[in-house]
Amino acid sequence: SREGGEVDRKAGYVAKEGAVKAEQLLGDGGLTAKVKTALLADEAVPATKIDVDSDSGVVTLTGRLATQAEIDRALDIARKVDGVKRVENRLTTEKAT
């Protein structure tokens, strides 16, 4: 019937929308994990002091590090991870008040 086709089409659209949102959430989680892993792999960066979040390819690094050099290195590592579109820097040095 015509109504059945309309319902099926709407259900398919809703399912597709849900799949896109789920993929985006999994993508953000995967990207966060990839950035965190890259930071942990670099001995010059105290990765355990850095919080990593991502939203649609935008990665935010938050935390307090000892030096500006550590911050610069962390930002450089994050920018090089595949899938990162932009890095938001919310890292500060421990000396900052």
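Author: Contact here means heavy atoms within 4.5 Å. The structure above is a predicted model, and local features are read where pLDDT is at least 70.

Reader: With that cut-off, which residues is Thr-60 in contact with, leaving aside its neighbours within four places in sequence?

Author: Thr-60 belongs to strand S2. Leaving aside its neighbours within four places in sequence, Thr-60 touches Asp-51, Val-52, Asp-53, Glu-88 and Arg-90.

Reader: Is Thr-60 buried or exposed?

Author: The cut-off for buried is under 20% relative accessible area. Thr-60 has a relative accessible area of 13%, so it is buried. Strand S2 as a whole is mostly covered, with six of its eight residues buried.

Reader: What lies between S1 and S2 in the hairpin, and what is the phi of Ser-56?

Author: Most residues other than glycine have a negative phi. In this hairpin two residues lie between S1 and S2, and Ser-56 in the turn has a positive phi of about 55 degrees. With a relative accessibility of 32%, Ser-56 counts as partly exposed.

Reader: How is a nonpolar core to be read, and which residues touch the most other members?

Author: In soluble globular proteins, nonpolar side chains tend to be buried together. The largest nonpolar core in this model has 19 residues, and Val-35, Leu-39, Ile-50, Leu-61 and Leu-91 touch the most other members. Two or more residues are given to this core by each of helix H1 (2–40), strand S1 (50–55), strand S2 (58–65), helix H2 (68–80) and strand S3 (86–93). H2 supplies the largest share, five residues.

Reader: Taking Leu-39 as a case, what is it in contact with beyond its neighbours within four places in sequence?

Author: Beyond those neighbours, Leu-39 is in contact with Val-45, Ala-47, Ile-50, Val-52, Leu-61, Ala-74 and Ile-77.

Reader: Turning to charged side chains, how many salt bridges are there, and which parts of the chain does the pair Lys-49 and Glu-94 link?

Author: A salt bridge is read from the separation of a side-chain nitrogen of Lys or Arg and a carboxyl oxygen of Asp or Glu, with a cut-off of 4 Å. By this rule there are five salt bridges. In one of them, the closest N and O atoms of Lys-49 and Glu-94 are 3.0 Å apart. This pair links distant parts of the chain, 45 residues apart: Lys-49 is in the loop between H1 and S1, and Glu-94 is in the segment after S3. Lys-49 is partly exposed at 41% relative accessibility, and Glu-94 is partly exposed at 38%.

Reader: Where do Lys-80 and Asp-76 lie?

Author: Both residues lie in helix H2, four residues apart, about one turn of the helix. The side chains of Lys-80 and Asp-76 form a salt bridge at 3.2 Å, N to O. Lys-80 is exposed, because its relative accessible area is 64%, whereas Asp-76 counts as partly exposed at 28%.

Technical notes. Residues are numbered from 1 along each chain as its sequence is written. This is a predicted model: local features need pLDDT of at least 70, side-chain atom pairs count only at pLDDT 80 or more; totals for chains, interfaces and linings use all residues. Side-chain values use heavy atoms; hydrogens and water are left out. A nonpolar core is a set of buried Ala, Val, Leu, Ile, Met, Phe, Trp, Tyr and Cys residues joined through side-chain atoms within 4.5 Å. Buried means under 20% relative accessible area, exposed over 50%, partly exposed in between (1.4 Å probe, protein chains only). Two strands pair if DSSP finds at least two bridges between them.
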